[in-house]
Amino acid sequence: MPSGQRVVLRHYPQGAMRASNFAIEDQVVLVPGDGEFLVRALYVSVDPMLRLFIDPAPLGGKMPPMPLGTTIPGPAVGEIVQSNHPEFSVGTIVEGRFGWQHHAVSNGAGVQRVNPKLGGPENALGIGGLPGFTAYVGLNVAGGVKSGQTFLVSGAAGAVGSAAGALIHARGGRVVGIAGGEAKCRYLVDQIGYDVAVDRHAPDFMEQLAKALPTGADVYFDNVGGPLLASVVPLLARGGLVLICGLMAQYQGDAESGVDHLPDVLRAVMFNSLRFQGFTQVGRDALRPAFEAELAELVASGRMKVAMHIEDGIERLPHAMAGLFDNSVTGKVVVRVGEISR
Ligand SMILES: NC(=O)c1ccc[n+]([C@@H]2O[C@H](COP(=O)([O-])OP(=O)(O)OC[C@H]3O[C@@H](n4cnc5c(N)ncnc54)[C@H](OP(=O)(O)O)[C@@H]3O)[C@@H](O)[C@H]2O)c1
């Protein structure tokens, strides 16, 4: 008997991600065993890294591609509706890697109780979840936000970029964002607290960016890599830090992402004495309590107004994933697939 639906991989993407790469199937009834619980999903997250789990080839990954027919993995928020687990009771709202499906069984590994101080449950996939925590960890790796420092953020109107900008602003740093389009730039300045936002599609983009960084950027919080990285590194201040958070521009394996910009990057590294540092939020759970405390205060004071792009219905997940890669959306993308029962 079906108990809901799940989204599976139907075809491997050839270049751009398309909704037709996915199929929707009925889910059979799931029964939790001893030490397990059943979650009914409320919000499902749409993340760019999924592109690389599906097929790591664009970044030269060694992992085998995800088998066709696999339920798409990834974070979701849900309500526990049955439990044989001593520490997770029915009615608890939790976040975990429950995948793109209406129901999931879990033994509690990697599952977090949703903190109501961080806003609505959907926020546990945005500022209070993976993107917000990634921004927080990145700033921690960069050594915090020091007085007088200027940060430059790419993909600034995306989920991580919005959170990074809001945190830098709240901590008193100067922050310049790069986004695609005037509407996203307005959102960054009016809503998030970016000091300046520059449209990467503007014909005079590089001139505008240079003007916004009169003494250079001390830290480049890079979410995209690709040709933009090579264009931007000469605008860093001497001794500046390039913080590699993600390589969004290189995930689709298109012609642009295959161009070698290393000689240009190395020139800037040498002339400006730059440093490069990659990081991942994985394994940084010790930072979570401090992250949640800082965020709870910003949410309570109304200073954290990061956009959520919410679609409705599990059938929207494939379209939402394709939309993530055509850069048409602002903020964190989630799909609502259920309502809280109480
Ligand atoms: N290190 C970690 O632990 C960690 C954790 C989570 C995510 N990440 C990475 O962080 C990055 C951002 O994630 P997210 O969830 O914020 O993604 P997102 O919401 O989809 O935002 C990414 C943004 O990148 C920009 N972009 C896309 N292609 C581009 C290109 N070719 N050139 C320049 N800009 C481009 C787009 O903005 P515009 O069109 O507006 O410029 C897009 O909105 C991703 O690379 C992701 O893999 C890293």
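The model is predicted.

- Domain 1 gives 21 residues to the contact, and domain 2 gives 16 residues.
- Together, domain 1 and domain 2 bury about 1,400 Å² between them. Carbon and sulfur atoms carry 59% of that area.
- Which three residues supply more than any other three of the area that domain 1 buries against domain 2? They are Leu59, Phe325 and Thr330, with 29%.

**Helix pair H2 and H8**

- Helix H2 spans residues 130-141, and helix H8 spans residues 288-300.
- Their axes come within 11 Å and cross at roughly 105°.
- Angles of 65 to 115 degrees count as roughly perpendicular, so H2 is roughly perpendicular to H8.
- On the H2 side, Gly132, Phe133 and Tyr136 make the contact. On the H8 side, Arg288, Ala290, Phe291 and Glu294 make it.
- By class, the residues of this contact are four nonpolar, one polar and two charged.

- Side chains of opposite charge can pair when their charged atoms come close.
- Where do the two partners sit in the chain? Lysine 332 is in strand E15 (residues 332-336). Aspartate 47 is in the loop between strand E3 (37-45) and helix H1 (50-54).
- The pair links distant parts of the chain, 285 residues apart.

Methods: Residues numbered from 1 in each chain as written. Predicted model: local features only at pLDDT ≥ 70, side-chain atom pairs only at ≥ 80, totals over all residues. Heavy atoms only, no water. Axes fitted to C-alpha atoms, helices over the stretch in contact; angles between N-to-C directions. Helix = DSSP H or I, 4+ residues; strand = E, 2+ residues; numbered from the N terminus. Parallel < 35°, antiparallel > 145°, perpendicular 65-115°, else oblique. Contact = heavy atoms within 4.5 Å. Nonpolar A, V, L, I, M, F, W, Y, C, P; charged D, E, K, R; others polar. Buried area = accessible area lost by both parts, 1.4 Å probe.
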